[in-house]
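Morning, everyone. Please look at the screen, and I'll walk you through the interface and then one residue.

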Amino acid sequence: MLNNKKISITQIKAVFVFVFITSLLLGKDINHASHTVSIIIPKIALLDIESESTNNITLQMKSPAESGDKLINATDKSIWLNVTSVTESGNARDITVKLDKPMQGIDIRVVSNFYTGSGYGKWGIPQPEISLTQHDQSLVSNLRSGITGDGSSNGFNLKYSAHSIDSQYGNINSTNGREIIVTYTLTH
Amino acid sequence: MKHINRILLAVLVVSISTAYSQSNTDNHQVSIVIPEIAMLDIESAGSNDISLTMVAPTDAGETIADQTDNSLWLNVTSIVTSSGTRDISVKLDNAITGLDLKVVSLDYSGSGFGSWGTAQSEIILSSTDQILVDDLRSGYTFNGAGNGYNLTYTASPQADADFGDLVANTENITVTYTLTL
């Protein structure tokens, strides 16, 4: 019985020594482990138009007070652009703008303020005021990743204005509402 | 059960497509409103009230010489409808027996822009509107004398029996210009 006990303790010691030596041979710490975590961040380019009420705006030009003077320009500052953007390394984006059909004798212009709102990011630089055409032009350049925050008062506040064009003044016609579609794109 | 699964699948597809309907582009409608405008006024470097003082001839037997004035200008701001054109018409309130009051406009000159129409031949003014300039469309003359339509008035004794009714007097005549709608 005593012999059996001695053998048993010896066996336990042998197992312990075996495990210790094996772990040393394999070069592993038994209280640590590691694995790979892959973070996948998608490239994102989302843009929408926001305002306090409707996104459809009216630029109402008015008669001058004095005969001989030209039509009075109309302006609107109610529209905002919201953006969520994640760019690839080294890449930057623009917000571009165009209209569907120009209006004879009327210059429709737009300019963006610098970013304001509750978001975060790298917002690029608004460009000088643009006279809209059917071709995309850069409204804001060099955006990178960012979120503007949702809704009006977040993002890029736009100022629209309508001006008569002197060289085409003779072709201007009165209208109760000529509809023009303006399209904004956050470039990829 | 299969039927219910299909409905759930359809709802799921619609939900996903709605969730991903946002994109990198958006558009909106901008309406431009331009009023129809017909504005006209009379301008000069001094007063708009002019005097044509007839002078006796130097030699008995001759008629009274014509008198002229070209100090007045018409300023106009006009926006027409897509099919519209306009005239400038002119009339007076009371004619003077034995004397013609005539007016003619030069073609447009000045700092403005537009489609200015054609100045017509000299008019003998009457109490009925006559066309001074026709076929105007949209334009603005710019404001003040030196811009728009320069007018030349001529007072001319009539060369007929009505000369016999001419009396020495100061007659105040009101001449009215209208940009037609």
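By contact I mean heavy atoms within 4.5 Å. This is a predicted model: local features need pLDDT of at least 70, side-chain atom pairs count only at pLDDT 80 or more, totals for chains, interfaces and linings use all residues, and side-chain values use heavy atoms, with hydrogens and water left out. Residues are numbered from 1 along each chain as its sequence is written, while chains are lettered from A and ligands numbered from 1 in the order in which they are written.

First, the interface. On chain A, 47 residues are in contact with 38 residues of chain B. The buried area between these chains is about 3,700 Å²; that is accessible area (1.4 Å probe) lost on putting the two parts together, summed over both. Carbon and sulfur atoms give 54% of that area.

Which strand gives the most to the side of chain A that touches chain B? S13(A) does, with twelve residues. Strands here are DSSP runs (E, at least two residues), numbered from the N terminus.

Now the strand pairing, which takes at least two DSSP bridges between two strands. S2(A) and strand S1 of chain B, residues 25-34, run parallel, joined by four bridges. A:Leu59 has B:Ile32 as its bridge partner in S1(B).

Last, one residue. A:Ser164 sits in strand S12 of chain A. Is A:Ser164 buried or exposed? Its relative accessible area is 9%, so A:Ser164 is buried (under 20%; exposed is over 50%, partly exposed in between; 1.4 Å probe, protein chains only). Leaving out residues up to four places away in sequence, A:Ser164 touches several others, including A:Met61, A:Lys70, A:Tyr169 and A:Ile172.
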